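Trainee: Hi! Could you walk me through this one? I'd like to begin with how the chains meet.

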There are 2 protein chains.
Amino acid sequence: MAFFFGLGLSSAEDITLRGLKVVQQCARVYLEAYTSILMTASKEDLENLYGREVILADREMVESSSDSILQDADKVDVAFLVVGDPFGATTHTDLIIRARSLGIPFEAIHNASVMNAVGACGLQLYNFGQTVSLVFFMDNWKPDSFYDRIKENREIGLHTLLLLDIKVKEQSFENMARGRMIYEPPRYMNIETAASQLLEIEDLRNERAFTADTPCVSVSRLGSPDQKFVAATLGELANIESGEPLHSLVILGHRTHEMEIEYLLDFATDKKRFQMAVEKEVEAARELQPAAPAGEDND
Amino acid sequence: MAFFFGLGLSSAEDITLRGLKVVQQCARVYLEAYTSILMTASKEDLENLYGREVILADREMVESSSDSILQDADKVDVAFLVVGDPFGATTHTDLIIRARSLGIPFEAIHNASVMNAVGACGLQLYNFGQTVSLVFFMDNWKPDSFYDRIKENREIGLHTLLLLDIKVKEQSFENMARGRMIYEPPRYMNIETAASQLLEIEDLRNERAFTADTPCVSVSRLGSPDQKFVAATLGELANIESGEPLHSLVILGHRTHEMEIEYLLDFATDKKRFQMAVEKEVEAARELQPAAPAGEDND
């Protein structure tokens with residue numbers, strides 16, 4: 001059996017009881033180590049807890065040698081561990097599809113992911129639109145498809161969760177060209193980079209999907225003992241120091257509930273300015289609504 | 001300290017290791033027992049695992065006597081257990097806000113919720129719009145605000161997760177009027193009721209937010225050993241027998257990825273019909289797109 005495991009967000013002990021029982025009986029245990037990281041647990045912490053060797057699975061192994069991961073999984077139990085929930089990233093679904101096509105029985109063990117735990121910032125999950133990913137810009141490559149997605153969410157008043165890029169085990173072009181297996185140090189996008197990239201694209205596109213005045217929440221080290229939220233405008237977030245990773249960012253929509261704001265104000269760098277930013281958004285959205293025809297019942 | 005706990009979806013052993021350690025040291029343990037249920041665990045199962053008495057918290061206790069739950073939580077540890085993740089329902093956030101206003105330190109222990117675990121059906125979480133709730137219709141009360149939300153999602157091509165109503169410890173009007181503490185048996189909305197209610201409102205509103213031909217996925221007993229997905233049109237789902245609860249329903253959007261369909265087809269009652277329903281949607285969406293002006297660069 002192949003088990004696709006969510007490990008939760010931060011520590012080795014975020015695994016479920018059932019998960020621990022299963023992983024302790026698996027013949028091989030892989031840890032997917034390139035789309036996210038456990039913030040307060042090392043490979044050794046997991047090995048100590050599980051009493052099993054943990055094999056780090058990098059992008060190449062998962063995407064090009066998936067059959068080696070799934071080998072014999074019809075006869076022995078194999079665990080594929082993922083930070084968050086196993087259905088959070090396309091790359092894991094690919095592996096599950098592969099297992100299915102090989103006739104290997106599989107099971108998912110769910111856990112918290114940023115996509116539900118983000119509710120801890122006080123915004124209601126019901127008010128979120130589609131989630132988008134933001135990748136590191138390069139000098140000559142600044143993909144901006146996220147912009148349309150955010151715009152769609154904001155046009156109907158919904159919040160947008162942005163998942164920020166991480167680069168693990170990446171090679172420089174030079175090392176790649178020369179076939180040298182030398183890897184760059186890992187990079188995790190911080191809030192200030194994310195906010196700056198967003199504003200850079202808004203400057204280029206200028207469709208006012210958002211502005212420097214748009215209220216946002218930075219979400220740092222979610223689910224770890226030192227998790228931190230900062231409620232501020234996008235312009236302000238471009239100039240903070242968000243500290244240690246991992247980070248995510250939420251851009252608010254205008255359909256914000258009073259209770260959400262009440263909760264968020266505790267995290268505001270400047271309560272008054274944040275409240276004003278929210279009110280300005282709500283006001284602007286109201287002006288865009290078509291006025292109700294006189295005398296018509298809008299029930 | 002007040003601990004707001006997610007228990008995950010199905011069994012007592014879906015609690016995290018860290019969660020178990022914390023709950024075992026709590027002076028009082030409450031289980032929120034009206035917005036959801038653990039599908040394969042009783043109160044006694046939890047008590048046996050935790051070595052603690054578990055107090056069932058009904059709506060009245062949580063919404064009207066929240067201070068009794070939080071009493072002394074500045075001095076002793078109190079656990080408030082919730083199926084799924086603690087930030088899944090507004091009612092829990094209310095309690096957290098109350099704790100905060102009383103100056104009680106609190107912490108959240110996250111877990112899987114239907115809002116991320118639904119990815120197990122093969123649809124990518126990135127392609128979901130806002131989540132909506134569907135309540136049981138009564139003869140004279142058929143709230144349809146969900147319709148606009150689904151329409152918004154569908155207009156931009158996104159999937160919609162519908163959370164289906166559960167009624168626990170409800171009184172009949174007669175018993176309520178006479179002050180009799182007699183409760184109706186619990187009711188859990190099934191797929192066929194949800195699909196019928198949706199079609200009933202589409203008939204009334206007739207804005208074609210969806211039709212009987214819209215492809216959907218029924219999600220039954222998610223995260224439990226007998227979880228089941230059925231990929232079919234909404235009209236077909238109005239006539240299935242979805243069996244034991246809990247259930248959720250997903251209405252597909254037209255921005256469906258090939259990999260999602262490949263995954264879903266395994267759950268289709270009629271593969272060919274389901275594939276045709278999806279293709280029809282994609283086609284209809286394409287026709288609605290404004291044609292690109294000739295000669296203009298759409299980069």
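Mentor: Happy to. Contact here means heavy atoms within 4.5 Å. This is a predicted model, where local features need pLDDT of at least 70, side-chain atom pairs count only at pLDDT 80 or more, and totals for chains, interfaces and linings use all residues. Residues are numbered from 1 along each chain as its sequence is written, chains are lettered from A and ligands numbered from 1 in the order in which they are written, and side-chain values use heavy atoms, leaving out hydrogens and water.

Trainee: Thanks! How many residues of chain B are in contact with chain A?

Mentor: On chain B there are 49, and they touch 49 residues of chain A.

Trainee: And what area is buried between them?

Mentor: About 4,500 Å², with 57% from carbon and sulfur atoms. Buried area is the accessible area (1.4 Å probe) that two parts lose on being put together, summed over both. B:Leu17, B:Tyr126 and B:Tyr263 supply 17% of what chain B buries against chain A, more than any other three residues.

Trainee: How many salt bridges are there between chain B and chain A?

Mentor: The count is 6. A salt bridge is a side-chain nitrogen of Lys or Arg within 4 Å of a carboxyl oxygen of Asp or Glu. One joins B:Lys21 and A:Glu13 at 2.5 Å, N to O.

Trainee: New topic: what rotation superposes chain B on chain A?

Mentor: One of 180 degrees, with 0.0 Å of shift along its axis and an RMSD of 0.0 Å. Superposition is by least squares on the C-alpha atoms of residues with pLDDT of at least 70 in both copies. The two copies are thus related as by a two-fold rotation axis.
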